[in-house]
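Morning, everyone. Please look at the chain on the screen while I talk.

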Amino acid sequence: MSSLNWLKSETERWFRVTPSNLLYDRALFWLFLSLMTLGFIVITSASVAEGSRLYDDPFHFALRDLVYVVLACLTAYVFVFIPVEKWEKWSPYLLLIALLLLILVLVPGIGRTVNGARRWIPLVLFNFQPAEFVKFALICYLSSYFVRRYEEVRSKQLSVVKPTLVLILISAFLLFQPDLGSSVVLGFIVFMMLFMVGAKIFQFIALAVAGFFAIYLLILTSEYRLKRLTSYTDPFADPFGSGFQLSNSLIAFGRGEFWGTGLGNSIQKLEYLPEAHTDFIMAIVGEEFGLIGIIAVIVLFTLLLFRILKIGKESLLLEQRFGGYFAFGVVAWFFFQGAFNLGMTMGLLPTKGFTFPFVSYGGSSLIINALVIAILLRIDHENRLMRGHAHLRDD
């Protein structure tokens with residue numbers, strides 16, 4: 001009887017919303033785990049046809065994703081023990097490593113080319129995408145930079161120049177791959193972090209105008225980018241050409257309606273919708289789980305973002321600026337990528353190779369995202385310790 005009572009109390013303790021006296025954000029941990037689990041379930045269903053065709057194994061991608069989930073959990077477990085001050089100290093070196101990786105991926109024999117883009121470095125268990133590490137490294141570097149140059153960024157008229165030069169340097173290497181999408185994500189991160197720090201308002205206008213102008217030129221000078229931009233406005237005008245992917249994605253949402261067709265019952269995953277388990281995973285969620293499934297994913301993802309925002313706010317209140325800026329940078333990253341991915345699959349935005357964080361198939365993104373969650377848990381842990389020590393001093 002005592003064992004049952006203990007099991008009941010432990011279950012209640014773990015599944016309650018995080019109490020203030022607990023030394024880590026339990027809600028953030030469970031949201032992270034829930035999204036990964038949901039992603040694994042949908043990937044298993046969405047990749048059956050492609051796994052059978054390419055590898056004669058319907059569960060090829062599911063097993064690989066299971067390996068990624070395990071690696072992600074191990075990554076989170078290992079890095080959650082590293083003090084936040086270490087990440088602040090290492091931030092310049094992380095940025096240098098990121099730049100080195102962007103150079104290496106362009107070297108013939110090292111970088112792997114898929115669909116005309118050289119974005120991956122083959123490793124033993126998965127193909128590593130340096131662009132995912134770059135997002136993390138840039139947020140670390142900018143968080144450290146804003147701590148060191150806080151007054152300068154807030155007061156000087158041209159304080160955005162240095163962060164913008166870093167962004168331009170990274171974007172130049174990304175465009176050689178080519179990878180315009182990651183450059184846009186990084187630009188949004190820089191823009192939002194500068195806004196959080198409190199840079200002068202006219203600089204945001206100049207940065208936004210320059211960014212839109214640069215993207216406009218890059219689209220006009222590239223035929224395949226221009227086709228992507230124009231095809232999303234009416235994908236059914238060329239359903240077997242430039243609009244093939246998006247038209248099949250919209251068909252998937254239409255088939256799902258409100259309740260969905262049921263897990264495993266997707267038709268579009270049967271080689272009709274390309275990248276069904278990666279970039280267009282949300283279309284399969286919509287088809288098999290319906291509008292209810294999409295809403296469930298959005299709710300879980302939104303709750304995750306709010307937990308991260310809470311950590312960032314508390315860090316700034318405790319004058320732990322690195323942790324606060326890091327958290328807000330991560331929110332900008334996850335929000336933009338998640339919102340764009342969902343908008344893309346629904347035909348609201350142009351087709352671009354963005355994965356949905358924690359849900360889409362991909363070892364690099366899942367492991368880097370797990371690393372980020374580990375650092376956020378550590379930031380929250382140190383915040384709680386600081387509040388506890390302050391409370392003891394007051395007593």
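UniProt, in an unreviewed entry, lists "transmembrane region" for residues 27-49, 61-84, 90-111, 166-194, 201-219, 289-310, 322-342 and 354-377. Those positions follow the numbering used here, feature names are shortened, and annotations may be inferred rather than shown by experiment.

This is a predicted model: local features need pLDDT of at least 70, side-chain atom pairs need 80 or more, and totals for chains, interfaces and linings use all residues. Residues are numbered from 1 along each chain as its sequence is written, and side-chain values use heavy atoms, without hydrogens or water.

Take residues 289-310. The span is 100% helix and 0% strand, with its end C-alpha atoms 30 Å apart. Helices here are DSSP runs (H or I, at least four residues), and strands are runs of E, at least two, numbered from the N terminus. Residues 354-377 are 62% helix and 0% strand, with end C-alpha atoms 25 Å apart.

Now helix H13, residues 281-317.

Which residues of H12 meet H13? Ser249, Ala252, Phe253, Arg255 and Gly256 do, with contact meaning heavy atoms within 4.5 Å.

How values were computed
Axes are lines fitted to C-alpha atoms, for helices over the stretch in contact, and angles run from 0 to 180 degrees between N-to-C directions.
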